Amino acid sequence: MIVKPRIREFICTTAHPVGCAELVRHRAERLRGLRLDDAPKRVLVIGCSGGYGLATRIVTAFAGGADTIGVSMERAPEPDRTGSAGWYSNRAFEKLAADAGRRAFTHEGDAFSDEMKNRVADTIAEQFGQIDLLVYSLAAPARRHPRTGEVHRAVVKPMVPFSQLKTLDTDHGRVIEVSLGAATGSDLADTIAVMGGEDWALWVDALGGRGLLSPAFRTYNYTYIGADATRPIYGDGTIGRAKAHVEETARSIAERLGEGRARVVALKAIVTQASSAIPILPLYASLLRAVMNDRGGQEDAIDQILRLFRDVDPDCDVDEAGRIRLDEAELAESVQEEIRARWPHVTTESLPRLADFPGYRSEQLGLFGFGVPGIDYSLDVDPMAVTFAERAA
Ligand code: NAD
C-alpha cells in the first residue's frame with residue numbers, strides 16, 4: 001500500500017513503516033563512536049516507543065552500551081492497515097540493537113496493569129537478573145487503576161478559568177484564542193491518578209519486592225517545568241499538580257532506596273504525540289523553535305538525553321528541589337524575554353515571521369514517519385514489514 005499521513009489536530013491515524021524505522025536508525029547513527037562507560041548497563045524504559053522514552057532507549061543502548069527492556073502501548077499492523085508509529089519504532093530499535101550486539105526486549109500493553117509489571121519482572125529475572133536503571137517516561141491519556149478497576153482520564157485544564165488564551169490550530173496554521181474552564185476537584189484527582197507518581201512507585205516496589213533492583217539502581221521520571229507562556233495550562237494547571245505529585249513520589253522512593261536514587265529530570269519542550277495534545281504548547285514550541293534557530297543551540301530529545309547520561313552527576317547536579325535540570329537553555333531569561341515579546345504580536349499573519357511553524361509541522365509529521373529525507377513516499381510498502389530505506393552502496 002501507499003501510506004500517506006492522515007492527520008487531524010494531533011492524531012495521525014497512519015504511520016509510515018520505513019519512515020519510522022529510518023528515524024530510529026538516524027538517531028542511533030548519530031551516537032556512533034560514543035562510549036559512555038559509566039552509563040547503566042541494564043535499563044528498563046516505561047514509555048519506550050516515542051519522544052523522550054525512545055530517546056532514552058536509544059542513548060542508553062547505542063551510546064551507553066546497555067541491554068534494555070521497553071514497555072509501551074501499541075497497535076500492531078494488519079495487512080491493510082498500518083500499525084502505530086511506536087510499533088514500527090520498537091521493531092526498528094530491536095533490529096538495530098541486535099545488530100549492535102545489545103539485548104532488547106519489548107513488552108507492548110498497559111504499563112499500569114499488574115500483569116505488565118509481572119511480565120517485565122519475569123523478563124528481568126530471566127534475562128538480566130537485576131536492572132540498574134528504570135526510566136519512567138509514560139505519557140498516557142487514561143489509567144485503569146490496578147486496585148479499584150476505575151478508569152481515570154487525565155484532564156488538561158487550568159485551575160482557574162482563562163479566556164482568550166492563544167493557541168495554534170495546527171491543521172490550518174492559524175493562531176486562535178480559546179477559553180478554558182477551571183478544573184473541578186475530580187478533574188484534578190483523575191489527572192493526578194494518571195500522570196502523578198503512584199504508578200512509578202508501584203513499578204519500583206513491584207521490582208524491588210522481587211529483588212530485581214541492583215545495588216547501583218537509580219530511577220528517573222521526566223517532567224516539564226516551563227515558563228510564563230505555558231504556565232496557565234501546564235505549571236499552574238492540572239498537569240503541573242500531577243507533576244508536583246511525581247516530585248513528592250521521588251522523595252518517598254528516595255527515602256526507601258537512598259538519597260539521590262529517585263530523581264525527577266526536567267527536560268525542554270519538544271514535539272511529541274503527548275505534547276501536541278496540550279493547548280498552547282504547539283504555539284509555544286513553534287515560537288521557541290524560531291528563537292532557538294536564531295540564537296543557535298537547538299536541542300532535540302537525543303541531545304537532551306545524551307546530556308543526561310554523559311554530563312550529569314545525579315548525586316550533585318540538582319536544583320534546590322532535588323531535580324536534574326536540562327531545561328536551562330529554554331528557560332534562559334533572554335530566550336523567555338524574546339518569547340514574551342513575540343507572544344502578544346503573534347497572529348495567523350505574523351506566524352511565519354515570528355514562529356517556526358513549518359519546523360514544528362515537519363517534526364509532527366516525523367513522529368509518524370513522514371517527511372524523512374531519502375524516502376520515496378510514492379512507493380508501495382508492506383505495513384506488516386519493518387524495513388529500513390535502501391542506501392546506495
Ligand atoms: P510520548 O507521547 O512521545 O510517549 C509516551 C509513551 O508512553 C509512548 O511510548 C506510549 O506508547 C507510552 N504509553 C502511553 N500510555 C501507555 C500505557 N497505558 N501503557 C504503556 N505505555 C503507554 O510522550 P513524551 O512527550 O516523550 O512524554 C514522556 C515524558 O516526558 C512525560 O512524563 C512528559 O511529561 C515528559 N516531558 C515531555 C516534554 C515534551 O515537551 N514532550 C518535555 C519535558 C518532559
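An oxygen atom of the ligand lies 2.8 Å from a polar backbone atom of Ile270, a polar contact (a pair of N or O atoms within 3.5 Å; within protein, one must be able to donate a hydrogen and the other to accept it, and residues adjacent in sequence count only if both atoms are side-chain atoms). The model is predicted: local features need pLDDT of at least 70, side-chain atom pairs count only at pLDDT 80 or more, and totals for chains, interfaces and linings use all residues. Residues are numbered from 1 along each chain as its sequence is written, and side-chain values use heavy atoms, with hydrogens and water left out.

**Ligand surroundings**

- Around the ligand stand 30 residues, each with a heavy atom within 4 Å of it.
- Ser49, Ala111, Lys243, Ile270 and Thr272 come nearest.
- A polar backbone atom of Met73 is 3.2 Å from a ligand oxygen atom.
- Glu74 uses its side chain: an N or O atom there is 3.4 Å from an oxygen atom of the ligand.

**H1 and H3**

- Helices are DSSP runs (H or I, at least four residues), numbered from the N terminus.
- Helix H1 (residues 17-30) packs on helix H3 (residues 85-99) at about 45°, with axes 8 Å apart.
- Axes are lines fitted to C-alpha atoms, for helices over the stretch in contact, and angles run from 0 to 180 degrees between N-to-C directions.
- H1 and H3 are therefore oblique to each other (under 35 degrees counts as roughly parallel, over 145 as roughly antiparallel, 65 to 115 as roughly perpendicular, the rest as oblique).
- Their crossing is right-handed (the near helix is turned clockwise from the far one by less than a right angle).
- Pro17, Cys20, Ala21, Val24, Arg25 and Ala28 in H1 meet Ala85, Tyr88, Ser89, Ala92, Phe93 and Leu96 in H3, with contact meaning heavy atoms within 4.5 Å.
- This contact of H1 with H3 has 10 nonpolar residues, 1 polar and 1 charged.

**H2 and H3**

- Helix H2 (residues 51-63) and H3 have axes that come within 11 Å and cross at roughly 5°.
- H2 and H3 are therefore roughly parallel.
- From H2, Leu54, Arg57, Ile58, Ala61 and Phe62 meet Ser89, Asn90, Phe93, Leu96 and Ala97 in H3.
- The residues here divide into 7 nonpolar, 2 polar and 1 charged.

**H4 and H6**

- The axes of helix H4 (residues 114-128) and helix H6 (residues 198-209) come within 10 Å, crossing at roughly 40°.
- That makes H4 oblique to H6.
- H4 passes H6 in a right-handed crossing.

Definitions and conventions. Helices (H or I, at least four residues) and strands (E, at least two) are DSSP runs, numbered from the N terminus. Ala, Val, Leu, Ile, Met, Phe, Trp, Tyr, Cys and Pro count as nonpolar, Asp, Glu, Lys and Arg as charged, and the others, Gly among them, as polar.
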